[in-house]
Amino acid sequence: MRYITNAKLVLETGILWDGVLAMGGDRIVAYGRACEIEIPEDGEVIDAKGLYVGPGFVDIHVHGGGDAVFDQDPKTVVEFFLKNGTTTILSGLSYNLSREAYLHGIELLKKAKEHPVIGKAIGGFYMEGPYLNPKYGANADLNQWRGDIRPEDYKELVDESGLLTKVWVVAPEREGLEPFLKYAKQVNPEVRFSVGHSEASPEQIQKLKKYGMGLQTHCMDATGRVQTWLGTRACGPDEHCMTDPEMYAEVICDSQGIHVNPALIRMILKNKGVDKVVLITDCYISDDQAPEDLKHVTDLNFDHNGNLCGSRLTMNVACRNMMTHTNCGIAQVFLMASRNPARAIGLGDEIGTIAVGKKANLVFVDDMFGVDTVILEGEIYE
């Protein structure tokens, strides 16, 4: 048994200031106040040094990091995020990949998942495409999936990614989309669907709710709305997400509020509540230059047209930014960075909170979310 002592334990319901947590193998077996947990003489002790100890971050939407991208070098990406506190990560494969590149990325991640350490942090795939609205998003001119939605194009992708795919992102307005959703659900009944890179109306989104459309990809980013009447504001994916109590809203929270204006972040939080906001990094690696007025910002990323292309965030920095832009405290931000994303992809019974029986995936942070120690399934990650 291993015991974490001198910890501020970040629980789902608040903070336990004088906390002790016991781990047996890869699981949490007990936690409580120091006076409640008896540590045997032969127990191995990890001193948290008064730091906050919370559930490891769960990043469900990330494409790259550490100067590598998932479809080329998943091991480097996972190692980069692990050392920054993310203990569960979904591999983001997106619409600028060809069918062959998608399949190559799937093969690489399957191999990476076999690694004895790195594989523990890989939660599966986050497929940001292929069937999105090509009008929206970074590198939109490179979208290779503008044509008809055909079984011969998507069946192998669905089959090869199989149960590892946790999320397919789609634009509900794409003509002929429904057979794809049916097939993806047939192959993996637990898969989730997200609306993203879209100008779908609430009615178009609602029609697909029966397939499990319970998430909006980067709310307030890469969305539009089809104007119905002159002089009025139409409704699109953002408006639907704001009014659908079951839908989770992903938020990219950069330091300057470029992806989502801080006033809009606060509006999302007010409408969705702390239980339905999912922090993501949407991290990507690109050598393209930032516009002159944004060259000083270190957590943004740009495409060859000078448009936003994801971020260079890590989840601990996104958490700190969320505290900057809103009145949320550490315990609330942990919900958005760990519990909510785990629930959104169906892994809430295993990860995302400190609870007896869950995986001992933990991160030690200071009050500015500086990462000190990462524990992956009961072992300190070096």
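**Entry 1: α9 and α10**

I looked up how α9 passes α10, and the crossing is right-handed. I call a crossing right-handed if the near helix is turned clockwise from the far one by less than a right angle, and left-handed if anticlockwise. The axes of α9 (residues 315-325) and α10 (residues 330-344) come within 10 Å and cross at roughly 130°. Axes here are lines fitted to C-alpha atoms, for helices over the stretch in contact, and angles run from 0 to 180 degrees between N-to-C directions. The two helices α9 and α10 are therefore oblique to each other. My classes are roughly parallel under 35 degrees, roughly antiparallel over 145, roughly perpendicular from 65 to 115, and oblique for the rest.

I then listed the contact. From α9 come Met315, Cys319, Met322 and Met323, and from α10 come Ile330, Val333, Met336 and Ala337. Contact means heavy atoms within 4.5 Å. The α9 and α10 contact residues divide into eight nonpolar, no polar and no charged. In this count Ala, Val, Leu, Ile, Met, Phe, Trp, Tyr, Cys and Pro are nonpolar, Asp, Glu, Lys and Arg are charged, and the others, Gly among them, are polar.

**Entry 2: ground rules**

I am working on a predicted model, where local features need pLDDT of at least 70, side-chain atom pairs count only at pLDDT 80 or more, and totals for chains, interfaces and linings use all residues. Residues are numbered from 1 along each chain as its sequence is written, and side-chain values use heavy atoms, with hydrogens and water left out.

**Entry 3: overall form**

I found ten helices and 18 strands in the protein. Helices (H or I, at least four residues) and strands (E, at least two) are DSSP runs, numbered from the N terminus. The radius of gyration is 21 Å, close to the 21 Å of the globule rule for 382 residues, so the protein is as compact as a globular protein of that length. That radius is taken over C-alpha atoms, and the rule is 2.2 Å times the number of residues to the power 0.38. Along the principal axes, the C-alpha atoms fill a box of roughly 70 × 45 × 40 Å.

**Entry 4: the sheet**

I traced an open sheet of eight strands, paired in parallel, in the order β6-β7-β8-β9-β10-β11-β12-β13. Two strands pair if DSSP finds at least two bridges between them. At the edges sit β6 (57-62) and β13 (277-280), each pairing on one side only. From one strand to the next, the twist averages 25°. Val195 has Gln216 in β11 as its bridge partner.

Next came the helices on the sheet. Helix α1 (residues 74-82) packs on it, touching β6, β7 (86-94) and β8 (122-128), and its direction makes about 140° with that of β7. Helix α4 lies across β8 and β9 (165-170), running at about 150° to β9.

**Entry 5: partners of α4**

I took α5 as one partner. The axes of α4 (residues 151-161) and α5 (residues 178-187) come within 10 Å and cross at roughly 25°. Helices α4 and α5 are therefore roughly parallel to each other. Tyr154, Lys155, Val158 and Asp159 in α4 meet Pro179, Phe180, Tyr183, Ala184 and Val187 in α5. These contact residues divide into seven nonpolar, no polar and two charged.

I also looked at α2 (residues 99-113), which packs with α4 at an angle of about 5°, the axes 10 Å apart. Helices α2 and α4 are therefore roughly parallel to each other. The α2 side includes Arg99 and Lys110, and the α4 side includes Glu152, Asp153 and Glu156. The division is four nonpolar, one polar and six charged.

**Entry 6: backbone exceptions**

Most residues other than glycine have a negative phi, and most peptide bonds are trans. I noted that the bond from Gly129 to Pro130 is cis, with omega near 5°. Pro130 is in the loop between β8 and α4. His197, not a glycine, has a positive phi of about 50°. His197 is in the loop between β10 and α6 (202-207).
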